[in-house]
Amino acid sequence: MPPPLPSTTTPRVLGAALAVAALLVLGGCGAQESAAPAGTAAPSAAPSSAASSSADPSAPSSPAASVPEGLTWSARTVAGEPFEASSLAGRPTVLWFWAPWCPTCRGQIPQVQGIADTYGDEVNVVGVGSLDDAAAIADFAGDVPQITQLADEEGAVWKRYGVVEQSSFVLLDADGSVAAESGYRGAEELDAEIAGLVG
């Protein structure tokens, strides 16, 4: 029978075993049970992620679900800022199509300002300047600072609504659908149509 090992050997053997175990763990041995395959989320992460997004009322909803089809276009303001038509959703909108050199358009400035003043937060009023360069459009828009003004030099917004002459008004309902459109409108006729959308 071999003699018993000295007590000093036990810590060395134990230390060596711990070192081998540590190398196996660091090398990935035994860690694959909890790891998800490459490119996939760990199973436990998915439910908590889904729960947090559905529980968070401030989380943005899907754009396709919340933006009416008629308001999926975008443009630029006269200041060069991006403008999303989706911001018009929920209220009727008056689109005023004008050109900077048009005397009739200039004569309508008090009428358009009056619409913005009368209907306040009930109606969006947006000017869409075109048929000239950006500088001329911005110059004219500076005389009507109370409303949002778009620079539509290429006429993309005009084409979208089939506008072929200035001055024209297009009225949209709260869902962005065209409620009324035509060329020049007298103040009384336009006011009656806006009142019908608001009422």
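# Briefing on a predicted protein model

Residues are numbered from 1 along each chain as its sequence is written, and side-chain values use heavy atoms, with hydrogens and water left out. The protein has eight helices and seven strands; these are DSSP runs numbered from the N terminus, helices (H or I) having at least four residues and strands (E) at least two.

**Strand E3 and its partners**

- E3 pairs with E6 in the antiparallel sense, over five bridges; two strands pair if DSSP finds at least two bridges between them.
- E3 is also joined to strand E4 (residues 124–129) by six bridges, and these two strands run parallel.
- Threonine 93 has asparagine 124 of E4 as its bridge partner.
- In a regular strand the side chains alternate between the two faces of the sheet.
- Buried means under 20% relative accessible area, exposed means over 50%, and partly exposed lies in between (1.4 Å probe, protein chains only).

**Cores and burial**

- Of the 199 residues of the protein, 31% count as buried.
- The largest nonpolar core has 24 residues, and Trp96 and Ile194 have the most contacts inside it.
- A nonpolar core is a set of buried Ala, Val, Leu, Ile, Met, Phe, Trp, Tyr and Cys residues joined through side-chain atoms within 4.5 Å.
- Another core, of 17 residues, lies apart from it and includes Leu150, Val157, Trp158 and Val163.

**Alanine 85**

- Alanine 85 sits in the loop between strand E2 (82–84) and strand E3 (93–98).
- Alanine 85 counts as buried because its relative accessibility is 0%.
- Leaving aside neighbours within four places in sequence, alanine 85 is in contact with Leu71 and Trp73, where contact means heavy atoms within 4.5 Å.
- Glycine 70 is 15 residues from alanine 85 in sequence, and 8.5 Å from it in space, C-alpha to C-alpha.

**Backbone points**

- Most residues other than glycine have a negative phi, and most peptide bonds are trans.
- The peptide bond from glutamine 166 to serine 167 is cis, with omega near -10°.
- Serine 167 is in the loop between helix H7 (156–160) and E6.
- Leucine 131 is a residue other than glycine with a positive phi, near 60°.
- Leucine 131 is placed in the loop between E4 and H6, and is partly exposed, with a relative accessible area of 42%.

Terms used
This is a predicted model: local features need pLDDT of at least 70, side-chain atom pairs count only at pLDDT 80 or more; totals for chains, interfaces and linings use all residues.
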